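Hi,

Here is the structure I promised to send over. Have a look at it first, and then read on for what turned up.

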Amino acid sequence: MRHTFRPGIAMAALGLAACASASNQAANPPERVLATTETGIVRAHEEIASDSTITASPDSTFAAVQAAYQDLGIEIKMMDVATRQIGNRRFTKMYDIGGVRLSKYVGCGSSETGPTADSYRITMSILSRVTPTPDGSRIDTQLTATAQDPGTSKGALSCTSLGGLEQRIHGLAAKHLGG
């Protein structure tokens, strides 16, 4: 059997392939870098878990979250037992929290000496809320932060949470509950 090359069919196949690949690319959102740290890159499409569930009563979980804050040396300035909200809307740290470098928790960019979170003054707001679930409790923790070079009077840099501090609070709370 003899095969003949048909340019019209080849062009139609190429056109269909181009349309198929264009529609596949449109389905994936464009990737955007939010923060770069020594542990990796946080991209816009990545979800950082700020909540976790625990099989314990909301009151026990709330007490465990309070203990977790104390373990980390985060002064509790806001505590509402009725709504089970706890945290500190404005506190400043330099270098580390609970023995872990700040660059593991927030991405604020880099300077000539490395991650700015490790050498700049980091002002944070961290709030946790415990809500009941059918199987126990849900802890939701939100962290926002800015960085300021202590050696200059320049404005503050916006930081991105990397999710580590929220996860550490949740892990410590679970540990206090015996989990």
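Which hand does the crossing of H2 and H3 have? It is right-handed. Before going further, please keep in mind that this is a predicted model.

**The helix pair**

H2 covers residues 58-72 and H3 covers residues 164-176. Their axes lie 8 Å apart, and the helices pack at an angle of about 120°.

If you want to click through the contact, H2 brings Ala64, Val65, Ala67, Ala68, Tyr69, Asp71 and Leu72. From H3 come Leu165, Arg168, Ile169, Leu172, Ala173 and His176. Sorted by class, that makes 10 nonpolar residues, one polar and two charged.

**H2 on its own**

H2 has 15 residues and spans 21 Å from its first C-alpha to its last, close to the 21 Å expected. Its buried residues are Pro58, Thr61, Phe62, Ala64, Val65, Ala67, Ala68, Tyr69 and Leu72. As a reminder, an α-helix has 3.6 residues a turn, so residues three or four places apart point the same way.

Most residues other than glycine have a negative phi. Two spots go the other way:

- Arg84 is not a glycine, yet its phi is positive, about 55°. You'll find Arg84 in the loop between strand S4 (78-80) and strand S5 (85-93).
- Tyr95 also has a positive phi, near 75°, without being a glycine. Tyr95 sits in the loop between S5 and strand S6 (96-97). Its relative accessibility is 41%, so Tyr95 counts as partly exposed.

**A look at Thr146**

Thr146 is in strand S12, which runs over residues 136-148. Is Thr146 buried, exposed or partly exposed? With a relative accessible area of 31%, Thr146 is partly exposed, because that value lies between the 20% cut-off for buried and the 50% cut-off for exposed.

What does Thr146 touch, leaving aside its neighbours within four places in sequence? The contacts are Arg121, Ile122, Thr123, Ala156, Leu157, Ser158 and Cys159. As for Tyr120, it is 26 residues from Thr146 in sequence, and their C-alpha atoms are 9.4 Å apart.

Cheers

Key
Residues numbered from 1 in each chain as written. Predicted model: local features only at pLDDT ≥ 70, side-chain atom pairs only at ≥ 80, totals over all residues. Heavy atoms only, no water. Helix = DSSP H or I, 4+ residues; strand = E, 2+ residues; numbered from the N terminus. Buried < 20%, exposed > 50% of the residue type's maximum accessible area, 1.4 Å probe, protein only. Axes fitted to C-alpha atoms, helices over the stretch in contact; angles between N-to-C directions. Left-handed = near helix turned anticlockwise from the far one by under 90°. Contact = heavy atoms within 4.5 Å. Nonpolar A, V, L, I, M, F, W, Y, C, P; charged D, E, K, R; others polar. Expected span 1.5 Å × (residues − 1).
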